[in-house]
Amino acid sequence: MSYNFKAIRPVMPSKDMINVVLSKTQRKTPTVVHPGYDISRIRGFYMRKVKFTAETIHEKLDQILQDFPKLDDIHPFFADLINVLYDKDHYKLALGHVHACRNVVDNVAKDYARLLKYGDSLYRCKMLKRAALGRMCTAIRKLTNSLNYLDEVRKHLARMPAINPFERTLLVTGFPNVGKSSFVNNITSANLDVQPYPFTTQNLYVGHTDYNFVRWQVLDTPGVLDHELSERNPIEMQAITALAHLKACILFFLDISETCSYSIDKQLALFNDLRPLFKNKPVMIVFTKIDLKKLEELSQEDQQKIRNVLSQENVSHAQLSNKSGEGTGFVKEAACKLLQDYRAQLRPEQTTGGNAVLQREENYLSGLYIAMPKRQDPNRQPIIYGEVGKYNRDTLRQMQDKYGGAGVFNFPLQEHFMLDNPDWKYDLVPEIMDGKNIGDFVDADILERLEQLEREEEMLDQAVVEDEEEVEKERILREQRSEMLLSKKQIKYEHHMKMKQQVKLHKPLVDDAIEDFEKKGIPTDFLEERAQRNQQKQEKLRKRRQDSLMRNPDEEDGDMEVEREPRKRIQGKLKSLSRSRSKGSKKVLTHHEQALDRVYKKVQRSRKNEARAGEGDRKIYSQMPKHLFTGKSTVGKKNHR
């Protein structure tokens with residue numbers, strides 16, 4: 001299985017974490033409290049803030065502890081690699097600081113929640129809350145160095161290649177600048193940096209290749225020098241860690257041309273020094289750069305030293321040249337076969353690490369056999385039946401050369417003609433057949449006939465044939481339309497008359513008013529005088545209208561003009577009187593006047609109920625817009641609200 005170190009979430013600096021926690025507490029908890037509240041309510045208000053802050057800090061720190069891998073729970077290869085790159089003690093110490101800070105925050109929240117239970121005033125509860133949050137922030141501030149270190153570790157782990165320690169692996173090692181990265185580039189899809197100076201590769205790099213329908217992992221390691229283990233730097237220790245923990249086929253690259261600045265003796269000494277790490281693993285010594293010097297061109301002394309090394313158990317050899325590609329494929333196949341035979345001897349639990357998915361896959365692959373056809377007699381000639389030669393004809397390439405070459409020859413469409421006799425496909429079409437040519441099938445009078453047809457069509461378009469039934473239908477439609485218009489006008493007129501004949505207020509007669517006033521004991525002389533004056537005015541107006549009609553009988557609107565002038569004068573006098581009259585007390589209405597007032601209000605009420613909102617009506621869509629009245633108000637001006 002492979003570990004996804006890229007999934008580790010970023011670690012916030014201590015200052016940012018404090019700001020995030022306090023801001024979240026301010027947003028997620030109530031912010032308004034008054035001295036007039038009950039003391040239990042005030043205690044609960046501040047206890048909620050303390051507990052919420054502690055829970056938020058606990059979640060942040062617990063997320064860090066869960067994301068980072070525990071060295072005791074992961075594969076030994078990754079545990080030792082983290083130890084080499086970041087120092088295991090420093091790594092554990094940083095995680096221990098985070099764990100201790102989480103416990104401190106929990107204890108602070110517990111202690112101050114207990115103290116808040118006995119707070120006797122708003123001020124005391126507020127100071128306890130302030131002290132609790134201050135101690136929590138101080139504990140986080142002490143984690144500054146540890147959090148920064150863990151974030152750097154996270155960044156480096158995210159850049160590490162996804163290495164699966166249980167996958168079939170070819171591990172390439174040797175001195176620097178012997179051709180390891182070039183070999184990995186040649187057999188995989190990786191694109192590693194290759195330079196003519198040593199220690200170009202300073203980290204582990206992985207590539208993948210396919211062999212025998214299975215994916216293989218090729219691991220490129222940094223160069224290793226021949227000195228004591230304690231003197232090796234972290235770059236070399238990465239290769240040592242991979243050699244020690246991965247069950248892979250070891251490809252030890254040896255530069256026999258010595259252009260890597262290291263002699264054959266030093267390279268063989270390094271092989272013997274790393275020999276304990278090769279125990280129980282297939283090993284292959286690969287002689288590189290054979291394009292510069294062959295293995296047979298070495299001195300007898302060097303050849304004897306190499307034979308002594310190759311005589312050891314489980315050591316094979318091969319030659320290759322990364323520049324010319326000679327032997328690259330052979331080295332890949334030989335190494336894959338060695339590792340395949342080695343894994344066949346192991347139990348599935350050893351090759352899969354107890355992973356059920358990998359174990360099931362390994363069982364399928366071990367029981368799967370892919371049959372490949374083999375040629376039995378290499379000297380056997382292919383059998384070609386005699387009927388094949390019957391249909392021999394020129395190929396398209398031959399036809400192209402025959403008919404003018406490229407750019408002149410067109411693909412013969414006749415090839416797909418389906419004729420009774422296939423030999424007719426490429427025959428030329430004759431101009432005269434059966435004593436006739438194409439002109440014999442063309443009518444000489446075709447143009448005249450076409451003009452005659454066009455004239456007939458024009459005459460048909462211009463001709464108008466009247467049908468009695470159609471005329472009758474049109475007349476009926478016109479009558480129906482006129483009747484519809486008349487009925488529509490009648491409906492409008494009736495509606496207009498109904499609107500004119502609406503219920504009007506009943507004006508009391510003079511006799512009724514006199515009778516009512518006499519019952520109340522009020523003198524009625526002024527009512528009779530007033531009625532006589534009004535009657536005289538009406539008679540004068542009637543005489544004026546008659547005189548005007550006698551003088552101008554043709555004018556229809558004369559009576560309207562005569563009637564309007566005195567009405568305007570009367571209205572003007574009433575307005576002037578109303579302006580000069582002072583406002584007195586409210587008029588006392590009689591029973592009859594009150595009844596009239598009730599009828600009038602009832603009519604007005606029905607009209608109001610039938611009203612509808614229009615453009616002139618004011619409309620307030622929202623009394624309290626949400627974007628102005630949600631959230632907590634901060635200190636400062638609130639004019640925008």
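In this predicted model, Glu 472 is partly exposed, with a relative accessible area of 35%, and its partner in a salt bridge is Arg 475, with the closest N and O atoms 2.3 Å apart.

**Salt bridges**

- Glu 472 and Arg 475 both belong to helix α16 (residues 468-500), where three residues, about one turn of the helix, separate them; Arg 475 also counts as partly exposed, at 35% relative accessibility.
- Arg 475 forms a salt bridge with Glu 479 as well, at 2.5 Å between the closest N and O atoms, and this pair, four residues apart, again lies within helix α16.
- Salt bridges with shared partners join Asp 151, Glu 152, Arg 154 and Lys 155 into one network.
- Lys 305 and Asp 265 meet through their side chains in a salt bridge of 2.7 Å, N to O; because Lys 305 lies in helix α10 (residues 300-310) and Asp 265 in helix α9 (residues 264-273), the pair ties together parts 40 residues apart in sequence.

**Nonpolar core**

- The largest nonpolar core has 114 residues, and those with the most contacts inside it are Phe 68, Leu 150, Leu 170 and Leu 251; helix α4 (residues 88-116) supplies its largest share, eleven residues.
- Leu 170 touches, among others, Trp 216, Leu 219, Leu 251 and Leu 339.

**Helix α7**

- The buried residues of helix α7 (residues 180-187) are Lys 180, Ser 181, Phe 183, Val 184 and Ile 187; seen down the axis they fall within an arc of 160 degrees, so they line one face of the helix.
- Their cover includes strands β1 (169-174) and β4 (249-255) as well as helix α11 (328-344).

Terms used. Residues are numbered from 1 along each chain as its sequence is written. This is a predicted model: local features need pLDDT of at least 70, side-chain atom pairs count only at pLDDT 80 or more; totals for chains, interfaces and linings use all residues. Side-chain values use heavy atoms; hydrogens and water are left out. Buried means under 20% relative accessible area, exposed over 50%, partly exposed in between (1.4 Å probe, protein chains only). Helices (H or I, at least four residues) and strands (E, at least two) are DSSP runs, numbered from the N terminus. The arc is that of the directions from the helix axis to the C-beta atoms. Contact means heavy atoms within 4.5 Å. A nonpolar core is a set of buried Ala, Val, Leu, Ile, Met, Phe, Trp, Tyr and Cys residues joined through side-chain atoms within 4.5 Å. A salt bridge is a side-chain nitrogen of Lys or Arg within 4 Å of a carboxyl oxygen of Asp or Glu. Lists of a residue's contacts leave out its neighbours within four places in sequence.
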